[in-house]
Amino acid sequence: IQPMKKLFLTFTGLFFSLILTAQSASSKVVTTRVGILNGPSCIPVAKLIEDSTSVLDIELSFEKFPDPQALLPKLLKNEIDIGFLPINVAAKVYNSSSKAILCAGISGYGNLAIITKDKNIKNLSDLEGKTLYVAGQGSTPEYMLKFLLSKNKLIDKVIMDFSIPTASLAPALISDKIEYALVPEPFATIVSIKDSSVFYAIDLQKEYKSLTKSDNYPLTCIVVNSRFAKQKPESVKTFLHQYKKSALWTVENPAQAGILCEKADLGLAPAIVTKTLPKSNYKYIPAADARKDSEAMLKIFMENDKSSIGGKLPDKDFYLK
């Protein structure tokens with residue numbers, strides 16, 4: 001009887017061991033590797049970084065990059081699953097890399113402003129004959145400004161100057177070396193904090209809306225490695241859900257968001273984050289829902305430089321469903 005009892009216990013132990021092993025395998029968590037850019041584009045990610053340990057159905061790891069050029073190689077080599085890129089860069093990579101990445105959603109919209117100390121500047125027409133220093137040649141600020149000036153028949157009447165680096169525009173304006181500058185957030189906020197005589201003269205988003213009847217234009221998109229999207233669709237879906245929650249919380253809690261950005265070492269002071277958030281236009285829109293607005297923006301790029309989006313508008317498969 002003893003040998004039989006011993007054998008029974010052995011088989012019972014083995015049986016339960018197999019069950020536990022199977023359960024462990026079936027509940028194995030897939031780590032989603034997220035690439036983020038230091039700076040304003042990923043302010044809403046700070047909350048997600050803070051909460052990542054409590055997200056039960058997805059395990060996240062984060063890697064920071066100084067710019068899109070540093071992030072791209074890892075996205076293309078399947079070393080990063082999800083990342084953040086300017087919408088035109090994402091389109092260019094999609095068109096030139098056999099659809100290696102997909103747009104999963106829009107995370108940031110337009111936040112450009114013309115700032116000055118000149119109280120007489122209220123409309124684009126007030127800039128006629130003046131020199132406007134623009135942040136970012138060959139990118140959204142230049143192309144959006146040209147689009148708006150052209151539509152207002154001012155394209156040859158405003159002098160655009162790209163000679164001053166973006167980071168140097170604030171001190172140049174404060175010291176009266178220049179009078180007018182076009183900058184994105186958080187640079188406009190930084191200037192207004194340092195010198196209260198500098199003000200938001202023209203909101204380019206309002207100008208765009210009045211011309212196109214669209215609420216805003218996409219700037220930053222969430223991109224997904226195509227292979228990862230195909231193999232782990234539930235992980236992508238869960239990440240996007242968690243990002244949406246994080247973005248909403250960030251907009252509603254600017255002071256706390258500033259603290260989390262400093263904690264996550266995103267390169268932004270808490271006070272700057274807190275003050276810039278109301279004007280930064282962070283929100284999550286699924287790719288398919290944002291296709292119309294995205295294509296309108298990409299057409300503006302294409303009118304200025306076809307190579308900036310890879311020579312053509314990306315097809316429908318670019319927008320992850």
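K237 counts as exposed in this predicted model, at 56% relative accessibility. K237 belongs to helix 10, which spans residues 233-252. Between K237 and K321 there are 84 residues of sequence separation, but the C-alpha to C-alpha distance is 10.0 Å.

**Overall make-up**

- The protein contains 13 helices and eleven strands.
- It has 321 residues, and 46% of them count as buried.
- Contacts between residues at least 6 apart in sequence were also sorted by separation: 78% of them join residues at least 24 apart.

- Helix 4 covers residues 87-96 and is mostly covered, with seven of its ten residues buried.
- The buried residues of helix 4 are I87, N88, V89, A90, A91, V93 and Y94.
- The cover over these buried residues includes three strands, namely strand 3 (82-86), strand 4 (101-109) and strand 10 (218-225).
- Helix 3 (68-76) and helix 13 (287-304) are also among the elements that cover the buried residues of helix 4.

**Helix 4 against helix 13**

- Two packed helices are described by the angle between their axes and the distance between the axes.
- For helix 4 and helix 13, the angle is about 85° and the axes are 10 Å apart.
- Helix 4 and helix 13 are therefore roughly perpendicular to each other.
- On the helix 4 side, the contact is made by I87, N88 and A91, and on the helix 13 side by S294, M297, L298 and F301.
- This contact of helix 4 with helix 13 has five nonpolar residues, two polar residues and no charged residues.
- I87, N88 and A91, which helix 4 brings to this contact, are also among its buried residues.

**Helix 5 against helix 13**

- The axes of helix 5 and helix 13 come within 10 Å and cross at roughly 90°.
- That angle makes helix 5 roughly perpendicular to helix 13.
- T140, Y143, M144, K146 and F147 of helix 5 meet M297, I300, F301 and N304 of helix 13.
- By class, the residues of this contact of helix 5 with helix 13 are six nonpolar, two polar and one charged.
- M297 and F301 of helix 13 take part in the contact with helix 5, and M297 and F301 are also listed in the contact with helix 4.

**Helix 5 against helix 8**

- Helix 5 (residues 140-151) and helix 8 (residues 204-212) have axes that come within 11 Å and cross at roughly 50°.
- Helix 5 and helix 8 are therefore oblique to each other.
- The crossing of helix 5 and helix 8 is left-handed.
- Helix 5 contributes M144, F147, L148 and K151 to the contact, and helix 8 contributes L204, E207, Y208, L211 and T212.
- The residues in this contact of helix 5 with helix 8 divide into six nonpolar, one polar and two charged.
- M144 and F147 of helix 5 meet helix 8, and M144 and F147 also meet helix 13.

**Cysteines**

- The structure holds zero disulfides.
- For C42, the closest cysteine sulfur is that of C261, and at 9.6 Å it is too far for a bond.
- C42 is buried, with a relative accessible area of 0%.
- C221 is in no disulfide either, and the nearest cysteine sulfur, in C103, is 4.3 Å away.
- C221 is also buried, with a relative accessible area of 0%.

**Other single residues**

- I49 is part of helix 2, residues 45-51.
- I49 counts as partly exposed, at 24% relative accessibility.
- Not counting residues up to four places away in sequence, I49 touches I36, F62 and A264.
- I49 and S246 are 197 residues apart along the chain, with their C-alpha atoms separated by 9.3 Å.
- S226 is in helix 9, residues 226-231.
- S226 is buried, with a relative accessible area of 18%.
- Leaving aside neighbours within four places in sequence, S226 is in contact with K99, A100, I101 and L102.

Note on methods:
Residues are numbered from 1 along each chain as its sequence is written. This is a predicted model: local features need pLDDT of at least 70, side-chain atom pairs count only at pLDDT 80 or more; totals for chains, interfaces and linings use all residues. Side-chain values use heavy atoms; hydrogens and water are left out. Axes are lines fitted to C-alpha atoms, for helices over the stretch in contact, and angles run from 0 to 180 degrees between N-to-C directions. Helices (H or I, at least four residues) and strands (E, at least two) are DSSP runs, numbered from the N terminus. Angles under 35 degrees count as roughly parallel, over 145 as roughly antiparallel, 65 to 115 as roughly perpendicular and the rest as oblique. A crossing is left-handed if the near helix is turned anticlockwise from the far one by less than a right angle, and right-handed if clockwise. Contact means heavy atoms within 4.5 Å. Ala, Val, Leu, Ile, Met, Phe, Trp, Tyr, Cys and Pro count as nonpolar, Asp, Glu, Lys and Arg as charged, and the others, Gly among them, as polar. Buried means under 20% relative accessible area, exposed over 50%, partly exposed in between (1.4 Å probe, protein chains only). A disulfide is a pair of cysteine sulfur atoms within 2.5 Å.
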